[in-house]
Number of protein chains: 2
Amino acid sequence: MTISVPLGFRFAGVHAGIKKNPGKEDLTLVHCEHGAVAAGTYTTNLVHAAPVVVDRGRTPSSDIRAVIVNSGNANACTGERGLADAREMTRLAAEAVGAKENQALVMSTGVIGQFLPMDKIAAGAAAAAKQLGTNETAFLAAARGILTTDKGVKVAGRTLELDGAAIRIAGMCKGAGMIGPKMATMLCVVTTDATLTPEAAQTVLSVAVEDSFNCISVEGHMSTNDTVLLLASGEAKKEPLSGKDLAAFQSALNELCVELARQIPDDGEGASHLITIEVRGCNTRDDARRIARTIADSALVKTAIAGGDPNWGRIVSAAGYAGVEFNPAGVDLAINGCSLYERGAPVAFDAKTVSASIKASRETMVVLSLREGTAAIRFWTSDLNAEYVRFNADYTT
Amino acid sequence: MTISVPLGFRFAGVHAGIKKNPGKEDLTLVHCEHGAVAAGTYTTNLVHAAPVVVDRGRTPSSDIRAVIVNSGNANACTGERGLADAREMTRLAAEAVGAKENQALVMSTGVIGQFLPMDKIAAGAAAAAKQLGTNETAFLAAARGILTTDKGVKVAGRTLELDGAAIRIAGMCKGAGMIGPKMATMLCVVTTDATLTPEAAQTVLSVAVEDSFNCISVEGHMSTNDTVLLLASGEAKKEPLSGKDLAAFQSALNELCVELARQIPDDGEGASHLITIEVRGCNTRDDARRIARTIADSALVKTAIAGGDPNWGRIVSAAGYAGVEFNPAGVDLAINGCSLYERGAPVAFDAKTVSASIKASRETMVVLSLREGTAAIRFWTSDLNAEYVRFNADYTT
C-alpha cells in the first residue's frame, strides 16, 4: 500500500496516555498551514457527542488549519463540561500550530460517559505538533492514532490527472467493525490538494458518504460520534474544480469512500464474512437502502452466513418488514451467483454447493431483486458469530 | 400450574410425523362444537405465510368450530400451492369435527419454504379428532403440539366472576425466544367461555395484543407467521359482555396476554436474562414503544446485559436513534433500581454492585425516563449470548 499524501497537509500520531498501552497512538493531529476548505457529515443520533456539536458549527468552512482526534474516550454523554473540553481541544490544537480556535476541528472515539483527561490532551497536542510530517510514515502514524479496537489502519488513496495537474486524495478511517464495542463509532478524515469551494466540498462529500459510509452497518447501533471530514488544501491546482473535472473528482472520491467504508464491516476479531447486499429493482434508492439495511441488521441473516447456511427465508422475510411496499410474488434472490428464489417461489438448488461457496470465501454476495422499478444499491455488513458476543458482553466492567 | 379449561372447547395434540421425533406432538386441534366467536391479529410482514392469508379472510367471525395448528413446517413462501394446502388443512380439520371448511382456522410454524406433507396432516387431523378432551391434560397436549424449539409449554389461565357467573380464559402460545431459529414465530390461541360479539372480541384482542405480544422482541426479525387468535364459546354466560364486565374481561385478558408474552423472550437455550425495558415520560405510548423497541433490538445492549455490564451509554444512545424527538438533557436511566444517568449526565455509581445485581437475577429491569410527557410502556426482550449464535448459525443445512 502506497498513499500519496496530498500537498499542503502535515500529519502526526502520538501516544498521549489516554489509552493505557504506551505502544498505541491515541492522539492524531492534521495540519494545513495555509487553510483548507472543510466539509463534514455527522451522526444523526439525537444523543451525539460534544465534538460533533463543535464541528457541526464550524463546517462547511473555507479556512480550517487543524484537526485533532483522540481515541480511548468518546467525550459523549458528558454534558456541558464535555462541550467545554471539546472546544478546549480545538484551542489546544490551534495553539500548537499557530492558528485560531475556530480554525480547528475535533473528533473523539472510545468509552462513553467519561471526562477527557485534558492535561494529557494538552501535552499530546504539543508533542504531536513537533512531529508533524508530510510523508506516508507520518500519515500512517496519524491513521493509527484514531483507531480503537481496529485490527489495523484503514486507509485509501487516489491520484488523478485533472486538466494537466495531479490531484491527490488520501483518506483514513476507523470503525471497529464486527466487534464494535464502542458502538462502532466511525471516524474518517479525507484530505485532498484539489481546490474546492466550501459548497462544492460539502456536496461532493455528502454524495460520496451516501453510497459508502451510509451503506454499511455492523449491528445497526448508530454511534454518538460518527464523523466524516473532507479537507481540501488547494495546493495542487489553484482554480476550484468544476464541470467534468468536479465530476471526475466526485467519482474518485466515491470510490475512495467505498474502499474505506468496506474496511469497517470487514474488520473485527469476530467477523468471518464481509457480506455485500445488493438490492435491485426498487422504485427509489431510498427503498433499496431501507431493504438492504433491514437485511443487514437481521441477526438471523448474519448468523446464517456465519454458519454457511443458505437460509433464504430469513433474507426474504427481512425484506418483508423493511417498511417498503413491494409485490412479494416478484422477488428473486441469489447468493454467490446461485439462484435460490424466483418470482416469490423456492427454486430447487444444491444447498451443499451454496453452503460450500459461502464457507470458502471471506466475501458473500447476496442479490435481492424486486420487480418494482430500476433503483439499486449496494450495502455492506459483517456476519455475527460467537466471538462478537464474547467481546461485547463485558466491555466497561 | 392449573388451567381451568373454558367450557365449550375440546383440545388435542398428536404426533402426525411432521417432526421427526416420534415423542413430540406436532399437530394440535381445538374444537368448539356450538361455534365460537373468533378474532385474530396477524404479522404485518409483507411476506406472510399461507395460513395468515386464510385466517385473515375468516376473522372476525361469529361461528368458528375448529382450529388446526401444525409445528415443524411454516407453510411460508410456498406460493399458490401453499395457499391451497392451508385451505385444505382447514377442510380436513372441519371434516374431522363435522363442520364446514370456512368454520375452521389454521396456523403453521417451522421451516420456511417447504411444502406441507398433506398426507400426514390428513391422518393427524383424523387422529386428533378422536383424542379431543375437555380437561387440562388435553389442553396441555394441545399446547405441546404448537411448540418448535420452546423449552416447554407456554400457558396461562384466569378465572373471574362477572355478574355472578364464572368466566374462564385459557391461553397457549409458542415462540422460540432467544434461540428463534424459525424467526421466533409467535403463535397464540386464547379460549374463553365468555360471550363476546365478534366486534368486541376483535377490539379486546387488539387492545391486549398491543401491550403484550407487540411489546416483546427477540432479535427484531418479524416472522411471516405470527398469529394470535381469541375464541369465545359463550358457554359460561349467554349475554354478551358489556360495560364494566367487558372492562373487567379486558383487564384479565391483558394480564393473561402479558403473562404469555413474557414467556417468549424468557425462553431459549441461550437466554440468560429476561430484560424488562420501561420507558416513561413520553408524549405518546407509540413514542415510548419505539424507544423501548430500539433499545431491545440493540445487540450491544443485549450483549452488555448478558455480561452483567451496566454499559448505560449503549442504552441512552439507542434511545437517541429511535426516531423520536426528545431533549437529551432530560433523560434519566436506572438499572435494577440504581440510578446511572440523570438529566442527561453521568451519575457516580458503584459499577460492581450494579453488575452483581444483573448477574444475580434472571430478570433485569431497565427504566429510561424522559421529561416530555406522561406516556409509558413496558417492553420485554432477552439478552444475547454466544449460545444464541451457535444455535442460529446452522439451522437449515
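Helices (at least four residues) and strands (at least two) are DSSP runs, numbered from the N terminus. On that basis, Pro60(B) sits in the loop between α1 (50-58) and β3 (61-73) of chain B.

## Model and confidence

This is a predicted model. It scores ipTM 0.76 and pTM 0.83. Chain A has a mean pLDDT of 91. In that chain, 94% of the residues reach 70 or more.

Over residues 178-183 of chain A, pLDDT stays under 50. The model has 41 contacts beyond four places in sequence for these residues.

## Cis peptide bonds

The peptide bond from Thr59(B) to Pro60(B) is cis. Its omega is near -5°.

Chain A also has a cis bond, joining Thr59(A) and Pro60(A). Omega is about -5° there. Pro60(A) lies in the loop between α1 (50-58) and β3 of chain A.

## Helix α3 of chain A

Helix α3 of chain A covers residues 118-130. At 1.5 Å a residue, its 13 residues should span 18 Å. The end C-alpha atoms are 19 Å apart, which agrees.

Which residues of α3(A) are buried? They are Met118(A), Ile121(A), Gly124(A), Ala125(A), Ala128(A) and Ala129(A). Seen down the helix axis, the buried residues fall within an arc of 130°, so they line one face of α3(A). The cover over them includes β1 (9-14), β2 (27-42), β3 (61-73) and α2 (79-97) of chain A. The face turned away from the buried side carries exposed residues: Asp119(A), Ala123(A) and Lys130(A).

Strand β6 of chain A spans residues 165-174. Nine of its 10 residues are buried, so β6(A) is largely enclosed by the rest of the structure. Strand β5 (residues 154-162) of chain A pairs with β6(A) in the antiparallel sense, over nine bridges. Val155(A) stands opposite Met172(A) in β6(A). The two strands form a hairpin with two residues between them. In the turn, Asp163(A) has a positive phi of about 55°.

β6(A) also pairs with strand β7 (residues 187-192) of chain A. This pairing is antiparallel too, over six bridges. The bridge partner of Lys174(A) in β7(A) is Leu187(A).

## Cysteines

How many disulfides does the structure hold? Over all chains, the count is zero. Cys188(A) is buried, with a relative accessible area of 0%. Its sulfur is 5.2 Å from the closest cysteine sulfur, in Cys173(A). A disulfide needs the two sulfur atoms within 2.5 Å. The pair is therefore too far apart for a bond.

Cys77(B) lies in the loop between β3 and α2 (79-97) of chain B. At 9% relative accessibility, Cys77(B) counts as buried. The closest cysteine sulfur to its own is 17 Å away, in Cys338(A), too far for a bond. Phi of Cys77(B) is near 60°, a positive value in a residue other than glycine.

Asp163(B) is found in the loop between β5 (154-162) and β6 (165-174) of chain B. Its phi is positive, about 55°, although Asp163(B) is not a glycine. Is Asp163(B) buried or exposed? At 58% relative accessibility, Asp163(B) counts as exposed.

Thr41(B) lies in strand β2 (residues 27-42) of chain B. Thr41(B) is buried, with a relative accessible area of 15%. Leaving aside neighbours within four places in sequence, its contacts are Gln202(B), Leu205(B), Ser206(B), Val209(B), Asp226(B), Thr227(B) and Val228(B).

## An open sheet in chain B

Seven strands of chain B form an open sheet. Their order is β8-β15-β10-β14-β11-β12-β13, and the pairing is mixed. β8 (216-217) and β13 (345-346) of chain B stand at the edges. Each has a single partner strand, so one side of each is left without a neighbour in the sheet.

Within the sheet, strand β10 (residues 274-282) and strand β15 (residues 375-382) of chain B run antiparallel. Seven bridges join them. Thr276(B) stands opposite Trp380(B) in β15(B). In a regular strand, side chains alternate between the two faces of the sheet.

Terms used
Residues are numbered from 1 along each chain as its sequence is written. Chains are lettered from A and ligands numbered from 1 in the order in which they are written. This is a predicted model: local features need pLDDT of at least 70, side-chain atom pairs count only at pLDDT 80 or more; totals for chains, interfaces and linings use all residues. Side-chain values use heavy atoms; hydrogens and water are left out. The expected span of a helix is 1.5 Å times one less than its number of residues. Buried means under 20% relative accessible area, exposed over 50%, partly exposed in between (1.4 Å probe, protein chains only). The arc is that of the directions from the helix axis to the C-beta atoms. Contact means heavy atoms within 4.5 Å. pLDDT is the predictor's confidence in each residue, from 0 to 100. Two strands pair if DSSP finds at least two bridges between them.
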